[in-house]
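I set out to record what I looked up in this structure. The entries below follow the order in which I took up each topic.

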Amino acid sequence: MPKSELVQFNGHIVQVCSNGLYKVRLENKDIEVSARLCGKMRRYNIQVVNGDRVTVGFSHHDLTLGLIIYRYR
């Protein structure tokens, strides 16, 4: 699925879990979701730690597992 078809939200990393999963608290909704890194972030070894501000993309079909698309500086 291309990135243009994803529903995108901004959030903050709350917890780094095992197996490459992250807990993200969304800014506009006070909920926590699980997310994983997108392929290019894994490929170029971009590190994401607690407190980082990120953009998370969700599929229209499944809003429980997100995809971390971008990490802000």
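Entry 1, salt bridges. I searched the whole structure and found 2 salt bridges, a salt bridge being a side-chain nitrogen of Lys or Arg within 4 Å of a carboxyl oxygen of Asp or Glu. The model is a predicted one: local features need pLDDT of at least 70, side-chain atom pairs count only at pLDDT 80 or more, and totals for chains, interfaces and linings use all residues. Residues are numbered from 1 along each chain as its sequence is written, and side-chain values use heavy atoms, with hydrogens and water left out.

I looked up the pair Glu27 and Arg53, whose closest N and O atoms are 3.6 Å apart. Glu27 lies in the loop between β2 (21-26) and β3 (32-37) and Arg53 in strand β4, so the pair ties together parts that are 26 residues apart in sequence. Strands are DSSP runs (E, at least two residues), numbered from the N terminus. Glu27 counts as partly exposed because its relative accessibility is 39%; buried means under 20% relative accessible area, exposed over 50%, and partly exposed in between (1.4 Å probe, protein chains only). Arg53 is also partly exposed, at 36%.

I then noted the salt bridge between the side chains of Arg25 and Glu32, at 2.7 Å from N to O. Arg25 is partly exposed at 35%, and Glu32 is partly exposed at 39%.

I located Thr55 in strand β4 (residues 53-58). Is Thr55 buried or exposed? I recorded Thr55 as buried, because its relative accessibility is 7%. Its side chain makes polar contacts with the side chains of Asn10, at 3.1 Å, and Tyr72, at 2.9 Å. A polar contact is a pair of N or O atoms within 3.5 Å; within protein, one must be able to donate a hydrogen and the other to accept it, and residues adjacent in sequence count only if both atoms are side-chain atoms. Not counting residues up to four places away in sequence, Thr55 touches (heavy atoms within 4.5 Å) residues including Phe9, Leu67 and Ile69.

Entry 3, pocket lining. I listed 10 residues lining the largest pocket, with Leu6, Arg36, Ser59, Leu65 and Leu67 nearest its centre. On a 1 Å grid over the protein atoms alone, a pocket is an open set of points where a 1.4 Å probe fits, with protein on both sides within 12 Å along at least five of seven lines; lining residues have an atom within 4 Å of a point. The largest share of the lining, 3 residues, comes from β5.

How values were computed
Helices (H or I, at least four residues) and strands (E, at least two) are DSSP runs, numbered from the N terminus.
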